[in-house]
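Subject: Structure handover

Hello,

Here is the structure I said I would pass on. My notes on it follow below.

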Amino acid sequence: MSRFLNEKYQKLVPYTPGEQPQKQRLIKLNTNENPYAPSPKAAARISQEEISKLMLYPDPQAAELISAISEFYQVEEDRIFVGNGSDEILAFSFMAFQKQNKKVYYPAVSYGFYPVYSDIFQAEACPIPLADDLSIRIEDYKNLDGTIVIANPNAPTGMALEPEEIEEILQANESNLVIIDEAYVDFGAKSCVPFLEKYDNLLVVQTLSKSRSLAGSRVGFAIGSKEVISDLNTIKFSFNPYNLNRLSILAAAEAVRDREYFEETRNKIIATRERFADEMKRLGFTVLPSKANFVFVKSDVLSGEAYFNGLRNFDIIVRHFPKPPIEDFVRITIGKDEDMDELIKATKELLRTEEVRK
Ligand SMILES: *Cc1c(COP(=O)(O)O)cnc(C)c1O
């Protein structure tokens, strides 16, 4: 720490991203990236001609992308905000939407960025414990006195709430903004976007990083009331009006328009997930019911740490969160079928070794 750092940041504990190892031939199932390449149309749009225009600033309105999202979700353009990854949108939201008491409620086991954003934007973090089965108890989110953030499906559990359950939360929090982080919604959960017609206290945040294979482009979007979206624009234009670069705007617009490719790759991941979950259950694992592109699993014989380290020795990287109540679990991203087969093979090997040791 330098002696120049603002005192209010001196205790900040930053978010720890999953590793991005540069080593080849690793099976990387640790950061919920999509195993399939982005839409070929997105790739084709980043032409030499577009690259040759990089001396120019991008469109600060990202109009082409907003129009593609508007078309896809059938919502007006002034109800859409785009950001440099949904992380940026979540950051802007924590910055913008705090009540007088500064409280922000979110599930105690959820996306690791929520506590970090609370910290950096000086909100009062109010984590709400999960039920014993690691589900979100909606009763705990009624009549609160602060902003509410819920990932649906939740991470790292993969479990989703039904839209009717979220509607109950919206109804019981008329004076609170409820932010639903739908990073994984396309893998089997139902989006809350249709509720926006009825509730102005809802902000839905999505990303192109997972279901549209564009993690490297850094593009997310939010849909909300015109007023909430206008507030986000106030923050953006006070911070970085050019938050999306020229190439990302083009690639993202093409990816959103290519519905067929999106559905095809998304369906493949869902099919792989279901097959993989069944195999893991057969091997004696507890597998939480996932609506995401990952599964959260617990072995009946290996600790979370032992399983995580064991897979690493096979050059397979997954994610382990060494803190209660989830220290016995590991989170496994759904890759291609052949990646999951390798993982199953390694797991059988590890279980066999464990048997011999006993
Ligand atoms: C991956 C993820 C995000 C952020 O993704 P971006 O790449 O910043 O768009 C947001 N929320 C959750 C729960 C995520 O898992």
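Val185 is buried, with a relative accessible area of 2%; buried here means under 20%. Please keep in mind that the model is predicted. Val185 sits in a loop, the one between β6 (178-181) and β7 (202-207). If neighbours within four places in sequence are left out, the residues in contact with Val185 are Asn152, Pro153, Lys190, Ser191 and Gln206. Lys291 is 106 residues away from Val185 in sequence, yet the C-alpha atoms of Val185 and Lys291 are 7.4 Å apart in space.

Next is a residue in a helix. Ser93 belongs to helix α4, which covers residues 85-96. Is Ser93 buried or exposed? Ser93 is buried, because its relative accessible area is 1% and the cut-off for buried is under 20%. Which residues is Ser93 in contact with, leaving aside its neighbours within four places in sequence? They are Ile179, Leu203 and Leu232.

The last item concerns the surface. Ile46, Ile51 and Leu54 make a nonpolar surface patch of about 220 Å². One of these residues, Ile46, lies in the loop between α1 (40-45) and α2 (48-51). Ile46 has a relative accessible area of 30%, so it counts as partly exposed, the class between buried (under 20%) and exposed (over 50%).

To look at these places yourself, start with Val185 in its loop between β6 and β7, then go to Ser93 in helix α4, and end at the patch made by Ile46, Ile51 and Leu54.

Regards

Key:
Residues numbered from 1 in each chain as written. Predicted model: local features only at pLDDT ≥ 70, side-chain atom pairs only at ≥ 80, totals over all residues. Heavy atoms only, no water. Helix = DSSP H or I, 4+ residues; strand = E, 2+ residues; numbered from the N terminus. Buried < 20%, exposed > 50% of the residue type's maximum accessible area, 1.4 Å probe, protein only. Contact = heavy atoms within 4.5 Å. Patch = residues over 30% accessible without salt bridge, like charges linked within 9 Å, V, L, I, M, F, W, Y side chains within 5 Å. Areas by Shrake-Rupley, 256 points an atom, 1.4 Å probe, with all protein chains shown as cover. Salt bridge = Lys/Arg side-chain N within 4 Å of Asp/Glu carboxyl O.
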